[in-house]
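Please view the sequence and the model together before reading on.

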Amino acid sequence: MSMNKELAKAFKKTCYMANEDLPLVVWKRIIKQKKHALKVKLGIFSFLGTTSLVGFIFMFKTLLSDLSQSGFYQYLSMAFSNKDILVTYWKEFAFSITESLPMASTLYSLTLIFIFFLCLRYAMKQIIKGQLTSSFLQARPV
Amino acid sequence: MQVRFLPRGQGALLHAIIYPMSYEKTDKELIDSYKDGNEDTFKELIERYSPSVFNLTARIVGKEYASDIVQDIFIKVWKNLKKFDVEKSSFKTWIFIISKNTCYDFLKKKKSISFSNIITEDYIDFSETIEDENLLPDEEIQKLQDSVLLNKLLDELSINYKTVLTLHYQEEMTFEEIGKILDKPLNTIKSWHYRAILELRRKIK
């Protein structure tokens, strides 16, 4: 028999053997890391979501006061009270109502509510993933 | 290996007779399945590769540290598996590259890699034919069948030498594959293999 084959035979006998539970230990550590990463992400998204919601509440109050100051409500009530004028002068009406909109506060409010819903979505995703990860290890041991 | 799924119903038995032992999925299929969201398949990869990774790790860093390092290796694999392109390289080579790097990092942290352990550019010109087959006489090969002696001799070799021998003889990898793992040219690997065998021969005597 050739040297290579004989050496391969000898080397195969000297393999270091791992504990039988090593794959399970590795898997459990991965699950632990996964859970930790999920917790960190959940924390970040919860914080961002709460901050954006609080910011939105303040910004919404500002938006409401801006709307009342700009005469937006008067234009809006006119649309419901006198429909004939609205039909005849709809271009002018649209221009006036757009002009009366407080752009900055509207934009900030929409941005904040968008961030809030985005964070809510990602936070829910992390919670679902976390539940799946927990059930994964319990239901299917290696 | 080709994967054939077991058909349900009456054909299953016939199928199992025609294609015995052919239900094991390939690495590529497991990785593709993992990337498609079936994270359970990573467990199969752990089960498949943990013995080989443990053996190489134990050989390089010592058995007492091997379990912890194997865990670190698989965590690195898990973190990077989605970026791994199974079409470009073999998973086995990739996991051994990660294993080698993790072991070397560990040894560097421990400051136990000495200069003599890392041999860099010395290699023999393999354009000249070297008769590998005659490097060890039969009598010495027989002595190496004693696993306690072989283990002792391997532990005395430098890291590069024992890595080459372990990958070549235990993991049945080619010199080209070992070259990829150790990031060295083919001739360097052949040279290390040659010198490792000579070293073993010298130590037996």
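## Overall form of chain A

The model is predicted. Chain A contains six helices and zero strands, and its pattern along the sequence reads α-α-α-α-α-α. The radius of gyration of chain A is 32 Å, whereas the globule rule gives 14 Å for 142 residues; chain A is therefore more spread out than a compact globule.

The dimensions of the C-alpha trace of chain A along its principal axes are about 105 × 30 × 25 Å. Buried residues make up 13% of the 142 residues in chain A.

## Contact between chain A and chain B

Chain A contributes 24 residues to the contact, and chain B contributes 29 residues. On the side of chain A that touches chain B, the elements giving two or more residues are helix H1 (3-13) and helix H2 (22-70) of chain A. This side of chain A consists of 15 nonpolar, four polar and five charged residues.

## Domains of chain B

The domain assignment divides chain B into domain 1 (11-110) and domain 2 (132-204). A distance of 24 Å separates the C-alpha centres of domain 1 and domain 2 of chain B. Nine residues from domain 1 of chain B and 12 residues from domain 2 of chain B take part in the contact between them.

On the side of domain 1 of chain B that touches domain 2 of chain B, two or more residues each come from helix H3 (41-61) and helix H5 (91-110) of chain B. H3(B) supplies the largest share of that side, with five residues.

## Two loop residues with positive phi

Glu172(B) lies in the loop between helix H8 (159-170) and helix H9 (175-182) of chain B. Its phi is near 55°, a positive value in a residue other than glycine. Glu172(B) counts as exposed because it has 11 C-beta neighbours inside 10 Å, the cut-off for an exposed residue being 12 or fewer.

Asp183(B) is located in the loop between H9 and helix H10 (186-204) of chain B. For Asp183(B), phi is near 55°, again a positive value in a residue other than glycine. Asp183(B) is exposed, as 10 other C-beta atoms lie within 10 Å.

Notes
Residues are numbered from 1 along each chain as its sequence is written. Chains are lettered from A and ligands numbered from 1 in the order in which they are written. This is a predicted model: local features need pLDDT of at least 70, side-chain atom pairs count only at pLDDT 80 or more; totals for chains, interfaces and linings use all residues. Two residues are in contact if their C-beta atoms, placed from the backbone, lie within 7 Å. Helices (H or I, at least four residues) and strands (E, at least two) are DSSP runs, numbered from the N terminus. Ala, Val, Leu, Ile, Met, Phe, Trp, Tyr, Cys and Pro count as nonpolar, Asp, Glu, Lys and Arg as charged, and the others, Gly among them, as polar. Domain bounds come from an automatic or database domain assignment. A residue is buried if 20 or more other C-beta atoms lie within 10 Å of its own, exposed if 12 or fewer, and partly exposed in between; C-beta atoms are placed from the backbone. The radius of gyration is taken over C-alpha atoms; the globule rule is 2.2 Å times the number of residues to the power 0.38.
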